[in-house]
Structures are given as structure tokens and as C-alpha cells.
Amino acid sequence: MIKYFTCIISGIWNLAKGLFVTLKNVFVKPVTLQYPTQKLEMTQRYRGLVDLYPEKCIKCGQCVKICPTACLDLSVKAGEGADKKKEFGHFKYNMELCCFCGLCEQVCPTQAIYMNKIYEIAVYEHGKLHIDLLDKDKYDEWANPDVK
Amino acid sequence: MIIPVLTLIIMLIVGAVVLGFIAVSAMFLIWWERKVSAHIQTRYGPMRVGWHGALQSVADVIKLLLKENITPSGVDRLSWWLAPFFAVVPVVMVFVCIPFGNIFGIELIARDLNIGILYIMALTSICVLGIFMAGWGSNNKYSLLGGMRSAAQIVSYEIPLVLAMVTAVMFAGSLSMQKIVEAQKGLWFVFQPNMAIAFAIFIIAGTAEVNRTPFDIPEAESELVAGFHTEYSGMKFAMFFLGEYTNMFVISALAATLFLGGWSGPFLPPVIWFLIKTYGLVTFMMWIRWTLPRVRVDQLMGFAWKVLTPVSFANLIVAGWILMK
């Protein structure tokens, strides 16, 4: 009989505790974001799309060598100047193959190649995934999806 | 007997007002429930349609109206078609004797029946029939199980519910809703110790009556898909939904009338007091829903028969002793 009553009382007490927990949550600011209008800042080491500072690049080709999926394609030609400094032929990035491992970023001796913070990377055409890294405006459309 | 035309017109107007109120109230409650649940889970809930998603329910209703009404093969036609009406019509009929208070001296009650409580109890018991018909008619094992569970649950919880109501009726000395409100002019019933227990029993049993968590085993999503309304879609499903939310309003309105003094209160107009109390209790039921997990069937039955029924009987005896003293 005593057990019967203690059971009821402990039930009520536990119910009140649970209700208090949920009540506290009501006054907490929601943790979710209103996605298309509010966007989450990506973390510092987030690996988005491969990007390049062409002026820093020394055309050593280490990124091309280390890439496990062979998604980078670099061609170099001799410069026309007196010192015959190497110049870009082309530097292509095939995002269809990229596995976002970040090895190219790690191996680069001058930090010329890096991974940016773009994460909305769905497209309607295959062609858009073949990116020319030397093009300055290559990621404009990706960074601002509203720009058509 | 020929009903005079004027009476007919008044009947139609009152009926339209009540139906309009029910529809708007149900839509508001659906939006409110989504908001309450969202904030309890630290989300925003609907935000896009209208101010803070206020028109989300309107959009949902339009969607449900436009949806195809699918009738699965092998259903029991009669009970399949009638079930949604059985779920809604009795709940709407209850509104006949719910006292909303008064505006400019006009009593906002369709008809103050002298057997009001009895009438309400009789009608709310019919809802289980709708659920069971839906379960039986759907030709689906989940629906049938949901209907069976619902019948067992509602029949069990009706006993403590009625006993709790009888306690209030004994103190008021009348079955009429208006007289019960008037009896609480001095002190609300809930402030008397044994009536507070009756109020708690009423809220628990009422939550079970309207099939809400923690007593939502008739439509337990994780085990029975959606229970009795698994096979329903479009407007028929919307009618079950309307019935469920209106039922919640009715149970809260009853609790407010029987224990919290109904429309009586200081300063504010009676209608406002009634709506504050009712929607407050509805919010409390939502709060409970988003706090507690679902109970098992055996726990549910055990709780009804081993705890609620004896406690409400004991409470009734104490009430009788207080009145006889």
C-alpha cells in the first residue's frame, strides 16, 4: 500500500521535473537557422571547392601529383621573358572527380592552392563542374546562388 | 409543427457562427501546436507563410481540400465513409451547451440545457465510435489495431472522467453549465482541496479521451503508422484532424467551466476570460504532449483502473462527506 502511494507521488514529481525541463527550452533562443536567408558560417578548416591564387603559384605540379582522384590538370610552358620563368598553359579542376580530401592544399609549398568555404555545390549541368582555376570569376555564381 | 421562419434564421446564424469558430479555432490550434512544439525543441516552427507562419494552417487546409480522396480497395464502404463524420459531428454538437460568457448582456450559449453535462458526456462518448469505424472500415491491420486500442482506452478513461465531473456537479448542485459557472462566482472549485484532485484527474483522463500523448496509443506513429487514420487522405483526414483539435478545445473548455470558474473573472470581459482559461489549458496539454513519451498499453490500462478510478472514487466519497457534514 505504501509502495502504491510512493509510486504515485514519485510519478508526479518526475512529471513536474520533465515539464520544467521543456519549459526552460521554450525560453532558449532557437538553435536552427532560417536557411536561405540566414546561413551558417563555415568553420576555419572547412574543405569546400578547390581554389587558387595564381600569383602565388610556382607551377611545381605537386598538387597534380598527389591528387588521389586526378582531378587537377596543369600544363606549363616556358616563359617568353629573359629568365624564361614558367607560365600557365592551363589549370583545370574537375569537380566531378574531386573527393575533397585537401591533400593539394597540404602539399602546396606556397599556399597557392586552397579550399574555399563554398558548400552549395549542386548544379544542373555536368559542364559546370569542369572549372578553370585561372578564371577570376569562376565561383561568383556558386558563392551567390541568386546570381544567374 | 411548423418552425417559424425567424427561429430558423436564428438557428442558421448561430450554427454558422459556431462552425466558423470551430474551424478558425482548429486552424489556430494546429499552428499554435506547431509553434509550441518547435520552441520546446529549440526550433522556430513554421515561419514563411504570413507573420511567423500564421497562415500555414490556411495553406494546409487549401492543400487538403485540393487533394484526391483515395478509397483503398476492400474497404467497408459504409463505415469508411461515415467514420470522419462520426469523429466531427458529435464534437460540434457539444458546442450547443458550452457557455462562452456574454457580450452586451447576450448570453453566448446556444441552449443552456438543464442536463448539460449529461448531454456533453453522451456526445463525447460517440467519438470513439467514429475512430473504431475508421479502424474497422479501412481494411488495414494497423487501423484495426488503432481502433481497438482506442475503444479500450476511451471506455476505461471515461469512468474517472465522469467521476471527476460528478464531483463538480455535486458541489454546484446542478447539471446545467451556466448554473455550474454561477456556483463558482465566489471561489473557483479548483481551490478546494478535493476539487483540485478532481481537476487533476479530469485533465489526465481528458488527455486520454482526446488521444494525445502520453496516451496516443491509438495513433502511435512508431508502431501503428498512423493508427485509425492510416488509410485516410485529403478532406476525410482533415475531418479527423478537425475533430481531434476541436475535441481538445472541448475538453479544455469543460475543465475551465467545471473547475476554473468558466467565464467569470475580474476586469476583463467574460468571453476573454473563458478563452484565456480554455486556451491556457490547451497549451498545457500541448506542453505535456511534447514532454512525455508514450505509455505502453498495459501501463495505460493499469493506470486507468488501478490509480485513476480508485482515486476518483475515494475523492467522490470525500466530496459527499464534505457536502453532508
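Which helix of chain B holds B:Trp305? B:Trp305 sits in helix H11 (residues 297–324) of chain B; helices are DSSP runs of H or I with at least four residues, strands are E runs with at least two, and both are numbered from the N terminus. This is a predicted model, where local features need pLDDT of at least 70, side-chain atom pairs count only at pLDDT 80 or more, and totals for chains, interfaces and linings use all residues. Residues are numbered from 1 along each chain as its sequence is written, while chains are lettered from A and ligands numbered from 1 in the order in which they are written.

**Chain A overall**

- Chain A has four helices and five strands, and they run α-β-α-β-β-α-β-β-α along the sequence.
- Along its principal axes, the C-alpha trace of chain A spans about 100 × 35 × 25 Å.
- Take the contacts in chain A between residues at least 6 apart in sequence: 66% of them join residues at least 24 apart (a contact has C-beta atoms, placed from the backbone, within 7 Å).

**Where A meets B**

- Chain A and chain B each put 11 residues into their contact.
- On the chain A side, those residues split into six nonpolar, five polar and no charged (nonpolar covers Ala, Val, Leu, Ile, Met, Phe, Trp, Tyr, Cys and Pro; charged covers Asp, Glu, Lys and Arg; the others, Gly among them, are polar).

**The two domains of chain B**

- Chain B divides into domain 1 (1–66) and domain 2 (72–324), with bounds from an automatic or database domain assignment.
- The centres of domain 1 and domain 2 of chain B, over C-alpha atoms, are 19 Å apart.
- In chain B, 15 residues of domain 1 touch 17 residues of domain 2.
- On the domain 1 side, helix H1 (5–40) and helix H2 (56–66) of chain B are the elements giving two or more residues, and H1(B) supplies the largest share, 12 residues.
- That domain 1 side of chain B divides into 12 nonpolar, two polar and one charged.

**Helix packing in chain B**

- Helix H4 (residues 116–137) and helix H5 (residues 141–172) of chain B pack at about 170°, axes 8 Å apart (axes are lines fitted to C-alpha atoms, for helices over the stretch in contact, and angles run from 0 to 180 degrees between N-to-C directions).
- So H4(B) is roughly antiparallel to H5(B) (over 145 degrees; under 35 is roughly parallel, 65 to 115 roughly perpendicular and the rest oblique).
- The contact of H4(B) with H5(B) divides into 14 nonpolar, six polar and one charged.

**Residues to look at**

- B:Trp305 counts as partly exposed because it has 14 C-beta neighbours inside 10 Å.
- B:Trp305 and B:Ile159 are 146 residues apart in sequence, yet 9.1 Å apart in space, C-alpha to C-alpha.
- Most residues other than glycine have a negative phi.
- A:Phe100, however, has a positive phi near 55°, in the loop between strand S3 (87–94) and helix H3 (103–107) of chain A.
- B:Phe267 also has a positive phi, near 65°, and lies in the loop between helix H9 (234–259) and helix H10 (270–289) of chain B.
- A:Phe100 is partly exposed, with 14 other C-beta atoms within 10 Å, whereas B:Phe267 has 6 C-beta neighbours inside 10 Å and so counts as exposed.

Note on methods: Contact = placed C-beta atoms within 7 Å. Buried ≥ 20, exposed ≤ 12 C-beta atoms within 10 Å, placed from the backbone.
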